[in-house]
Each structure stands twice: as structure tokens, then as C-alpha cells.
Amino acid sequence: MDNALKYHQFEHFTLQSGAIVIGLQLAYRTYGELNQNKDNVVMMPTYYTGGDQCNEPYFGSGRAIDPGKHFIVVPSLFGNGVSSSPSNMVAPFDGPDFPGFTMYDNVQAQFELLQHKFAIEDIALVTGWSMGACQTYHWATMYPDRVHRILPFCGSAKTSPHNYVFLEGVKAALQADGQWQQGRYTSPPEKGLRAFGRVYAGWAYSQAFYREHRYKELGFDSIEALLADWEADHLTWDANDLLAMLWTWQQSDISNNSIYNGDFRLALESIQAKTILMPCSTDLYFTPQDNFLEARHIAGAEVRVFNSINGHCAVSPRRPAQGFMEFFDQAVHDLLF
């Protein structure tokens with residue numbers, strides 16, 4: 001089984017904005033084998049600050065998503081430092097001049113990968129966390145006759161105004177660093193990256209998580225230790241990469257394209273896939289209410305709320321809340337079998 005990192009090259013790729021990017025590369029990994037009928041494909045797009053191997057904890061031998069049964073494709077989000085990103089492109093697309101990639105652009109590139117590299121037409125399941133979930137919704141609306149099942153968890157079909165404002169806050173914290181220099185920094189804006197991580201940590205978990213000292217269950221003896229960990233994590237990222245992905249997140253809207261022309265309800269109604277939406281009960285920016293509102297317009301959709309006080313990070317592959325993987329596997333099983 002070859003799950004090595006690979007790249008699909010686009011000589012010219014036209015974005016929704018009309019910009020044409022030359023030399024675009026989509027990084028991806030595959031796990032398992034494509035069967036003869038090509039009907040065992042599971043797409044798992046990556047999430048914000050997710051690397052090319054970030055989704056591996058969500059599947060495995062004997063799990064509901066099993067490389068022994070499924071052909072799992074994990075495409076890296078543009079901007080994540082593995083696929084084409086501000087940090088690895090050359091002029092005129094490098095640094096702050098990196099063009100804005102929408103979710104639509106990402107999914108279109110992923111679809112072209114499947115067609116050109118593997119001649120895949122139909123997808124058994126698309127699933128993902130956070131921005132991976134947002135891409136899942138886009139898969140279901142951009143290719144409704146090809147996607148048979150979806151399981152977005154802790155995500156939404158459209159970035160809410162409140163979610164947008166949260167992202168403006170972490171962005172402002174980063175850009176307040178004098179070293180930022182409008183993205184043309186000569187050394188990493190470390191103060192801004194540290195501030196970004198600290199502000200983000202307040203949103204990633206719930207109020208009850210902090211009140212009940214749940215951070216100790218994650219191995220941190222104090223809130224300061226948790227915040228220091230978030231600082232250290234964000235110091236490993238290129239600031240322009242973080243902001244490129246953040247822009248993609250802010251623009252997320254399944255109806256903002258030439259297919260639906262801004263008709264959000266029509267976009268939801270177009271979903272033909274068997275659907276389970278899976279929010280966390282205490283997620284502060286992808287709220288269960290968003291998913292219940294969406295489900296009203298998706299035929300046969302079910303909302304399964306994972307109850308945890310760990311907020312958005314309850315379903316993180318790095319430190320999932322107790323019971324989540326079993327909850328996730330049951331939902332996958334119910335969709336596939």
C-alpha cells in the first residue's frame with residue numbers, strides 16, 4: 001500500500017476570481033486500493049492547520065473507514081504549506097501575493113485530481129473536520145450526482161457572521177505585530193503568531209472546559225501551559241499560510257458560485273447524498289444550530305450531536321474527547337452499510 005506524499009500538477013488553474021495560477025500543485029496521500037468498480041472511494045479533505053497526514057487518526061484497520069476496504073484520498077488544502085501556499089510558491093504568487101483560493105477552488109482541483117489521476121467518477125463518502133467539513137458540503141453541492149454520502153463534523157455549509165468575526169480577531173492579533181510588514185516580513189512575526197495562538201485557544205474550547213479544568217485531562221497542569229502549547233504550535237506555521245487558509249474559511253459558502261448564484265437554500269436542497277451532520281454540543285463557532293438549520297433543507301439529513309464540553313477541539317484527531325472516535329465510526333458505519 002503506497003501512501004507516500006504525492007503531487008498533482010496543474011499547468012494552468014483558473015480560480016473563481018478569474019485569476020490564473022501557473023504551476024499549481026495539489027498535495028495528496030492515498031491509503032488502500034481502488035477496487036475494480038471504483039466505488040470504494042472515501043474523500044477526506046484536510047482542516048485548518050492540518051498537514052498532509054492529519055486525518056490518519058480517523059481511519060485504520062478494523063475501523064469504519066478501513067484502508068483494507070476503502071480507497072482513502074486525503075488532499076491538502078491550498079495554503080497549508082504542503083499544497084501550493086504562500087510559503088512555497090514563487091513570484092508572482094508567493095507571500096502576500098498568493099491569490100485567494102475559495103472552498104470551491106479547492107474542491108474543483110480535488111475533483112480534477114480524481115478524474116485525471118484515477119478516472120474516478122463517483123465518491124462513496126466525503127467526510128472531514130472543520131474546514132474539511134466545509135469542503136465536504138462543497139463536494140455534495142458541486143457534484144450532487146457523484147457524491148453518495150457525506151459526514152461533515154464540526155463544520156458548516158456557510159461561514160456564519162459570528163464565525164467570520166472570530167477569524168477577524170485572530171487575524172488582527174497576528175497583524176498587530178510590527179514585524180508583520182503587510183506580509184512582507186523578513187523574519188517570522190513571532191509576537192503576532194504567539195498572540196494568534198492565545199486568542200484562538202479561547203475559542204477552540206468551551207467555557208465549561210476551562211471552568212472544570214478539563215485541560216488537565218489533556219496533560220496541561222495549568223491554563224498557562226495550554227496557552228504556551230498553542231503558542232508553540234502556531235510558531236511552526238508561516239504567517240502568510242495561516243492567513244491564506246483563514247481567508248478561504250471566511251469566504252466559505254456553498255451557494256457563492258455560478259451554479260447557485262447565492263441561493264443558499266437551493267444549494268442545500270441540491271444535496272442528494274445520504275447525510276449525517278455531526279456538530280459538537282459546545283462548539284463556539286460551528287454551532288449545532290447552524291447544522292439544524294441546514295438539515296431542514298437537505299432531504300433525509302440527520303443531525304447527530306456529539307456531547308462534550310471540549311468545544312470545537314472535542315473531535316480533534318490530536319486529542320479527541322473520550323468516546324468521539326466510536327461515535328464517529330458508528331455514523332460512518334450507518335452511512336456505508
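Colleague: Is the crossing in which α1 passes α2 left-handed or right-handed?

Modeller: α1 passes α2 in a right-handed crossing. The model is predicted: local features need pLDDT of at least 70, side-chain atom pairs count only at pLDDT 80 or more, and totals for chains, interfaces and linings use all residues. Residues are numbered from 1 along each chain as its sequence is written, and side-chain values use heavy atoms, with hydrogens and water left out.

Colleague: What makes α1 roughly perpendicular to α2?

Modeller: The axes of α1 and helix α2 (residues 131-142) cross at roughly 70 degrees and come within 9 Å. That makes α1 roughly perpendicular to α2, because 65 to 115 degrees counts as roughly perpendicular, under 35 as roughly parallel, over 145 as roughly antiparallel and the rest as oblique. The axes are lines fitted to C-alpha atoms, for helices over the stretch in contact, and angles run from 0 to 180 degrees between N-to-C directions. Helices (H or I, at least four residues) and strands (E, at least two) are DSSP runs, numbered from the N terminus.

Colleague: Which residues of α1 and α2 meet?

Modeller: On the α1 side they are M103, Y104, N106, V107, Q108, Q110, F111 and L114. They meet M131, C134, Q135, H138, W139 and M142 in α2. Contact means heavy atoms within 4.5 Å.

Colleague: Why are α3 and α4 called roughly antiparallel?

Modeller: Their axes cross at roughly 150 degrees and come within 7 Å. α3 and α4 are therefore roughly antiparallel to each other. Their crossing is right-handed. From α3, the contact uses H162, F166, V170, K171, A173 and L174. From α4, it uses G192, L193, A195, F196, V199, Y200 and W203.

Colleague: Why are α4 and α6 called oblique instead?

Modeller: The axes of α4 and helix α6 (residues 223-235) cross at roughly 125 degrees and come within 8 Å. α4 and α6 are therefore oblique to each other. This crossing is right-handed. Residues of α4 in the contact include L193, F196 and Y200, and among those of α6 are L227, W230 and L235.

Colleague: What span is expected for α3, and what does the helix reach?

Modeller: α3 (residues 161-175) has 15 residues and reaches 21 Å from its first C-alpha to its last, close to the 21 Å expected. The expected span is 1.5 Å times one less than the number of residues.

Colleague: Which residues of α3 are buried, and what puts them on the same side?

Modeller: N163, F166, L167, V170, A173 and L174 are buried. They cover an arc of only 115 degrees around the axis, which puts them on the same side of α3. The arc is that of the directions from the helix axis to the C-beta atoms. Buried means under 20% relative accessible area, exposed over 50%, and partly exposed in between (1.4 Å probe, protein chains only). The exposed residues P161 and V165 sit on the face turned away from the buried side of α3. The cover over the buried residues includes α4 (190-204) and α7 (239-250).

Colleague: What puts the buried residues of α10 on the same side?

Modeller: In α10, F324, M325, F328, D329, A331, V332, L335 and L336 are buried. They cover an arc of only 160 degrees around the axis, which puts them on the same side of α10. Their cover includes β5 (125-129), β6 (149-153) and β7 (274-277).

Colleague: Why is G23 called partly exposed?

Modeller: G23 has 26% relative accessibility, so it counts as partly exposed. G23 is in strand β2 (residues 20-31). Leaving aside neighbours within four places in sequence, G23 is in contact with Q9, F10, E11, S84 and M89.

Colleague: Is C154 buried or exposed?

Modeller: C154 is buried, with a relative accessible area of 0%. C154 is in the loop between β6 and α3. Its phi is near 55 degrees, a positive value in a residue other than glycine.

Colleague: What makes T49 partly exposed?

Modeller: T49 has a relative accessible area of 23%, so it is partly exposed. T49 lies in the loop between β3 (41-43) and β4. Its phi is positive, about 60 degrees, although T49 is not a glycine.

Technical notes
Left-handed = near helix turned anticlockwise from the far one by under 90°.
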